[in-house]
Amino acid sequence: MKGILVVEDDPQLGPALQRGLTAEGYRVELVRDGTTGLERALTGDHAVIVLDIMLPGLNGYRICSALRAAGLTTPVLMLTAKDGEYDEAEGLDTGADDYLVKPFSSVVLLARLRALLRRGTAATTGQSVLRVGDLWADLASRRAGRGAVEFALTPKEFAILTCLLHTPDHPVSKEAILDEVWDPAYTGGTAIVEVYISALRKKVDAPFAVRSIETVRGYGYRLTPREQP
């Protein structure tokens, strides 16, 4: 059974997370520095990585960026004492899937972890491959691409893309995306959707000189059929 990797150097919080998650039935590996955390994330078999930002050796931003550069798509939940909007955006820009500010309740943490685990392992039914123009997403394998070029998407980016692919040429509100992709325990606003849409455009549109993800001002986003020149 795949477990959870916790990279946290706080001498009280780290062991507390390990005890709490173990009590919930998870297999937990605790690492207390960034260098070892990166090594274990790359070589271990984990379903989710819980990653603190302020770590000795390598900080969480650098670890997450290195993991995504290496092609590792394991969901990452970042923990931090920072609570600024730009701090959150920086964490998500490096490839994190979710962001939790300390102090947090165990109820919220467990809900976020369940959501990440569910998105990573959920079986799909019905139509397996969604296509709009030359843009596609395989729901069974959780792969996506444009033409013959495959993207490296985080679980949340993939979920947002499929949300838009389900309703081509029709606007989808930010609230609808939030309800579809984020766990009900999430209490933040829709600004987080804008952050992820920006990251998604950099992967699915910008490299191909197309603009398929359109902004519907004051409402949300629409996916239109576009093909690379």
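Asp 134 counts as buried because its relative accessibility is 14%, where buried means under 20% relative accessible area, exposed over 50% and partly exposed in between, with a 1.4 Å probe and protein chains only. This is a predicted model, in which local features need pLDDT of at least 70 and side-chain atom pairs count only at pLDDT 80 or more, while totals for chains, interfaces and linings use all residues. Residues are numbered from 1 along each chain as its sequence is written, and side-chain values use heavy atoms, with hydrogens and water left out.

**Surroundings of Asp 134**

Asp 134 is located in the loop between β6 (129–132) and β7 (135–138). Helices (H or I, at least four residues) and strands (E, at least two) are DSSP runs, numbered from the N terminus. The side chain of Asp 134 forms a polar contact of 2.6 Å with the side chain of Arg 146. A polar contact is a pair of N or O atoms within 3.5 Å; within protein, one must be able to donate a hydrogen and the other to accept it, and residues adjacent in sequence count only if both atoms are side-chain atoms. When residues up to four places away in sequence are not counted, Asp 134 touches Gly 145, Arg 146, Gly 147, Arg 226, Glu 227 and Gln 228, contact meaning heavy atoms within 4.5 Å.

**Aromatic pairs**

The structure holds two aromatic pairs. Rings of Phe, Tyr and Trp (its six-membered ring) pair if their centres lie within 6.5 Å; planes under 30 degrees apart count as stacked, over 60 as edge-to-face and the rest as tilted.

| Pair | Distance between ring centres | Angle between planes | Class |
|---|---|---|---|
| Phe 151 and Phe 208 | 5.9 Å | 65° | edge-to-face |
| Trp 182 and Tyr 196 | 5.3 Å | 75° | edge-to-face |

Phe 151, in the loop between β9 (149–150) and α6 (155–165), and Phe 208, in the loop between α8 (191–204) and β11 (213–216), are 57 residues apart, and their pair links distant parts of the chain. Both Phe 151 and Phe 208 are buried.

The pair of Trp 182, in the loop between α7 (174–181) and α8, and Tyr 196, in helix α8, also links distant parts of the chain, 14 residues apart. Trp 182 is buried at 5% relative accessibility, and Tyr 196 is buried with a relative accessible area of 2%.

**Pro 168**

Pro 168 lies in the loop between α6 and β10 (172–173) and is partly exposed, at a relative accessible area of 31%. Leaving aside neighbours within four places in sequence, Pro 168 is in contact with Val 132 and Leu 223. Pro 168 and Leu 223 are 55 residues apart along the chain, and their C-alpha atoms are separated by 5.3 Å.
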